[in-house]
Amino acid sequence: MAASEPALCLSLHQARLLHLAAQGLLLAPRRRARKADVLAAIECMRLLQIDTIHVVARSPYLVLYSRLGAYRAAWLDELLAEAVIFECWGHEACFAPIADYPLHRRHMLEGSRHWAIRRARRFAASHRADIDALLARIRTHGPLRSSDFERRDGDGNGGGWWGWKTDKSLLEEAFALGELMIARRERFQRVYDVRARVLAPTPFGSSPADLPPLDEVRRRFVLGAVRALGVTEARWIADYFRMGRRIRDGDLDGLVAEGVLMRVAIAGRTAPAYVHRDHRQLAERAAAGRLRATRTTVLSPFDPVVWDRERASELFGFDYRLECYTPAARRRFGYYVLPILHRGRLVGRLDAKAHRSDEVFEVKVLYLEDGIEPDAALATALAAALHDCAAWHAAPRVTIGRCEPRGFAKLLRAALG
């Protein structure tokens, strides 16, 4: 078969199902989650984005919940402390499997144009002596948290053991450069330690000579992104690992000829799409109409499914933008809006807040997408999803505010009982 010929033709709906299957979002969980499932989900996605907003569960925990259902959030923290996963600047600030550490380290040293790493390089150029002193302090006296630098009343020099306004920046930029790593988190606060100690339980050394060359890193990032996405057009690949310039179809000809990627067609799309060979059978099942979506859940605003606004729009017809950084008067949907996934489609979005002390999960406002039928079946499935999500938040009473369309609120409240 010539490299330009598509191996399969998928409908847009079949492509969505393949994407969700690769992301672990196609089917409802069939058993209670185990700690190993948390690692498996991260390995499946390759990156789990971190964000600190916690009007509901913080994003990394919610992304895992969307895939696993109720699970112990502490398992994610334990995996980090055990050096089974690590933190890095990937798509943004992310957890990643420790097996990918050499790839991210080499990319940071030579290939990354990520804004956080460029900022850290500029900072280090004018604060090299300060960073070296910080590293020496941590080597000698042990890990530090940013709160160890907090200003204290009566401290004329700013408090903490260092006493400069740049204290926290030293930690953050040394981490971005890979000179410090995150040993663990305490109440979600980072604990920074030197690289050698964090990597001690792993087979990886600290020397650049132990790292793969940059061209191998790029190849593995391309393949990793295609595998994680299930099916993707070339132009959506680079964003997954923040690789820089967009990838073109011609850049993938060699991988198609080699057989590690297969080129497929999506009906109605002019550009070809790509599937990793590990998902060949899954793609064939999709093309034969043998994938069925059963999962109804809410997604984090930082879920890989909606990372790329263009991809979410083209695949799902879902135009999504996080508005928490938008002035309140200019928000269209709300502060922290969660996409609603229902049986293979993004059918709406809701602005929620977990009032944990009152045990209330508040849905402030809920919007269904145009063309989505606000029927009893959808209300029943969504009510069950909200009930389970609220219980996991330890806020089991669900309240429903405004809905669009308005009549859906009555159906949803009735389904919630």
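**Strands and helices**

Tutor: Keep in mind that this is a predicted model. Start with strand S14 (residues 360-368) and strand S15 (residues 397-404): they run parallel and are joined by seven bridges.

Student: Which residue of S15 is the bridge partner of Val365?
Tutor: Arg402.

Student: And how does the chain cross from S14 to S15?
Tutor: Through helix H14 (residues 376-392). That β-α-β crossover is right-handed.

Student: New topic. What order do the strands take in the open sheet of three?
Tutor: S2-S4-S3, with antiparallel pairing.

Student: Which strands stand at the edges?
Tutor: Strand S2 (48-49) and strand S3 (85-89). Each has a single partner strand, so one side of each is left without a neighbour in the sheet.

Student: How many bridges pair S2 with S4?
Tutor: Two, in the antiparallel sense; S4 covers residues 93-97. Gln49 has Cys94 of S4 as its bridge partner.

Student: OK, helices now. At what angle do the axes of H1 and H9 cross?
Tutor: Roughly 110°. H1 spans residues 12-23, H9 spans residues 214-229, and their axes come within 6 Å.

Student: What do we call that arrangement?
Tutor: Angles of 65 to 115 degrees count as roughly perpendicular, and H1 and H9 are therefore roughly perpendicular to each other.

Student: Which residues make the contact?
Tutor: From H1, His19, Ala22 and Gln23. From H9, Arg227, Ala228 and Leu229.

Student: How many of those are nonpolar, polar and charged?
Tutor: In the contact of H1 with H9, three are nonpolar, two polar and one charged.

Technical notes
Residues numbered from 1 in each chain as written. Predicted model: local features only at pLDDT ≥ 70, side-chain atom pairs only at ≥ 80, totals over all residues. Heavy atoms only, no water. Axes fitted to C-alpha atoms, helices over the stretch in contact; angles between N-to-C directions. Helix = DSSP H or I, 4+ residues; strand = E, 2+ residues; numbered from the N terminus. Parallel < 35°, antiparallel > 145°, perpendicular 65-115°, else oblique. Contact = heavy atoms within 4.5 Å. Nonpolar A, V, L, I, M, F, W, Y, C, P; charged D, E, K, R; others polar. Pairing = 2+ DSSP bridges. Right-handed = clockwise from strand over helix to strand, strands pointing away.
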